[in-house]
Amino acid sequence: MGLPLKKQSSPLYPKQRVQQAIRDWWTREQEELQRIADPVEELQPNSGTVFDLVPVISSHHAVEVVLDLEDVLGYEVPDSVIKRGGYHSCDEMVEHLDGKLAALHSEQYPT
């Protein structure tokens, strides 16, 4: 008679790596916006223009970050984790996605 099988432990949610991947993606997108925007100041929050109402990153554009997150997490991330309407700041995106992805991770690797 052998020893009982050891239950494999699930990988921990890589919170810091996820948050850094989101921040890195946001920074790249903002750098690209600055290269193509004319004038950049009008596209930023608190500019006193119509762009104050529009998110800096739309939900359609934010879907692109999912590819970076899949590389970090090692499994497919559904587009549904993206906030409908988009994000007004990097911190908002990090906070929202981190919560969604932590919950998704616990579904992928239940204890």
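Tyr109 has a relative accessibility of 29%, so Tyr109 counts as partly exposed. Tyr75, at 10% relative accessible area, is buried. In these terms, buried means under 20% relative accessible area, exposed means over 50%, and partly exposed lies in between, using a 1.4 Å probe and protein chains only.

The model you are looking at is predicted: local features need pLDDT of at least 70, side-chain atom pairs count only at pLDDT 80 or more, and totals for chains, interfaces and linings use all residues. Residues are numbered from 1 along each chain as its sequence is written, and side-chain values use heavy atoms, with hydrogens and water left out.

## An aromatic pair

Rings of Phe, Tyr and Trp (its six-membered ring) pair if their centres lie within 6.5 Å; planes under 30 degrees apart are stacked, over 60 edge-to-face, and the rest tilted. The count by this rule is one aromatic pair. The ring centres of Tyr75 and Tyr109 are 6.0 Å apart and their planes stand at 65 degrees, so this pair is edge-to-face. Tyr75 sits in the loop between α3 and α4, while Tyr109 lies in the segment after α4, 34 residues apart, so the pair links distant parts of the chain.

## The overall layout

The protein chain has four helices and zero strands. Here helices (H or I, at least four residues) and strands (E, at least two) are DSSP runs, numbered from the N terminus. Of the 111 residues in the protein chain, 32% are buried.

## Where α3 meets α4

Helix α3 (residues 65-73) and helix α4 (residues 90-108) have axes that come within 13 Å and cross at roughly 45 degrees. Axes are lines fitted to C-alpha atoms, for helices over the stretch in contact, and angles run from 0 to 180 degrees between N-to-C directions. The two helices are therefore oblique to each other; angles under 35 degrees count as roughly parallel, over 145 as roughly antiparallel, 65 to 115 as roughly perpendicular, and the rest as oblique.

With contact meaning heavy atoms within 4.5 Å, Val65, Leu69 and Leu73 in α3 meet Met93, Leu97, Leu101 and His105 in α4. By class, this contact has six nonpolar, one polar and no charged residues. Ala, Val, Leu, Ile, Met, Phe, Trp, Tyr, Cys and Pro count as nonpolar, Asp, Glu, Lys and Arg as charged, and the others, Gly among them, as polar.

## Where α1 meets α4

Helix α1 (residues 15-36) packs with α4 at an angle of about 140 degrees, their axes 10 Å apart. The residues of this contact divide into nine nonpolar, one polar and four charged.
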